[in-house]
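Let's walk through this fold together, one question at a time.

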Amino acid sequence: GKLIYDLGNRQWNISKLRVLLEEILPRKNQFRDFEVDHEFPTIGRKIMLLNARQIFSKEIGTQMILLAIEDITERKKAEHEIKKLNKELMNRAKELEAAYKELETFSYSVSHDLRTPLLGINGLSRILLERYSNHVDAKGRQFLSIIHSDTQKMLQLIDDLLTFSRSEHQQMEPSDIDMGEMAKAIFEKLKSIIPEPTLLLDIKTLPPARGDQSMIRQVFVNLLSNAIKFTRPKGAGVIEIGCIVKENRNIYYVKDNGVGFDMQYAGKLFGVFQRHHTADKFEGTGIGLAIVQRIIHRHGGQVWAEGRVNEGATFYFTLPRGQKED
């Protein structure tokens, strides 16, 4: 026997609600999902979702209004937060894109502006050593050798940094990879460059994987180069390459009987410029394993290592299984 607007100390006397019930509903018979934002005197600001239709009640014998009011205040707050986060993420994505472009520009600058003078220094120091070494004393020859050696290290560092940068942006072209053939070919090539007469390779059965050929080749090059390098002090080096098949992924590993490492440093092995051994004992720039990790992560896989001091190390990486195998 009362108007809805009079209920609860007239807190429902909302102008939008009056328009809906008195003007829109009589003409359209119903309305759906209409939002009303209102400040109530006791419960504060609420956002309500209104649905209404005209119905006929047989018991009462007259037209009535079936009105549903849903409190969606918290939902709207959550939606607002999501929109805010999405906007922040979009801005962050734009910043990252700009940073990547700057990094690419820097990479090209490094490639051209730094490599050119370093190549000149490297070449000239080599010529001085070869042609004019008899014109300088022993100390002078030592200085030239250091210049030549250090410029070669700098050039290698630049090449590794560029490879690390490209591994993030390089377009991936997935295909089935014969992992056994690839590993064997890379090992033979590395062995010819770095001759180790007592080095043995044991390749277990390697099922095909799905990935980018050039990127996975880089993974094998880096892991096998490390294995060859760190087995050198052992004299009789043995490298084993194998695979553990698990569900829809293959866990490949490269195992060696080299100098190994302390497991407390395992988490740092894959960081840029992280070296477990000093440069005077083992050559390298400290970027190889970081490249491996980035490539495997881009394939949706994981990479980790296990080792013991003077007992060798094993490096694991996961890849999706090849379609031929399936």
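This is a predicted model: local features need pLDDT of at least 70, side-chain atom pairs count only at pLDDT 80 or more; totals for chains, interfaces and linings use all residues.

Reader: Among contacts between residues at least 6 apart in sequence, what percentage joins residues at least 24 apart?

Author: Contact here means heavy atoms within 4.5 Å. Among the contacts between residues at least 6 apart in sequence, the share that joins residues at least 24 apart is 63%.

Reader: Let's turn to the sheet with β1, β2 and β3. Which are its edge strands?

Author: The three strands form an open sheet, with antiparallel pairing, in the order β1-β2-β3. Nine bridges join β1 to β2 (44-57), and Phe 34 stands opposite Leu 50 in β2. From one strand to the next, the twist averages 30°. The strands that pair on one side only, and so form the edges by definition, are β1 (30-40) and β3 (62-71).

Reader: Which helix lies across those strands, and at what angle to β1 does the helix run?

Author: A helix spanning residues 15-28 lies across β1, β2 and β3. That helix is α2, and its direction relative to β1 is about 170°.

Reader: Nice. Why is β10 largely enclosed by the rest of the structure?

Author: Strand β10 covers residues 313-320. Eight bridges join β8 (249-256) to β10 in antiparallel fashion, and five bridges join β9 (303-307) to β10, also antiparallel. The strand is largely enclosed because the number of its eight residues that are buried is seven.

Reader: Which residue of β10 is the bridge partner of Tyr 252, and which is that of Val 303?

Author: For Tyr 252, the bridge partner in β10 is Phe 317. For Val 303, the partner in β10 is likewise Phe 317.

Reader: Last one, on α6 and α7: how do the residues of their contact divide into nonpolar, polar and charged?

Author: Helix α6 (213-231) and helix α7 (288-298) pack at about 145°, with axes 9 Å apart, and their crossing is left-handed. The contact includes Val 219 and Leu 223 of α6, and Ile 291 and Ile 295 of α7. By type, the contact residues divide into nine nonpolar, four polar and one charged.

How values were computed. Residues are numbered from 1 along each chain as its sequence is written. Side-chain values use heavy atoms; hydrogens and water are left out. Axes are lines fitted to C-alpha atoms, for helices over the stretch in contact, and angles run from 0 to 180 degrees between N-to-C directions. Helices (H or I, at least four residues) and strands (E, at least two) are DSSP runs, numbered from the N terminus. A crossing is left-handed if the near helix is turned anticlockwise from the far one by less than a right angle, and right-handed if clockwise. Ala, Val, Leu, Ile, Met, Phe, Trp, Tyr, Cys and Pro count as nonpolar, Asp, Glu, Lys and Arg as charged, and the others, Gly among them, as polar. Two strands pair if DSSP finds at least two bridges between them. Buried means under 20% relative accessible area, exposed over 50%, partly exposed in between (1.4 Å probe, protein chains only).
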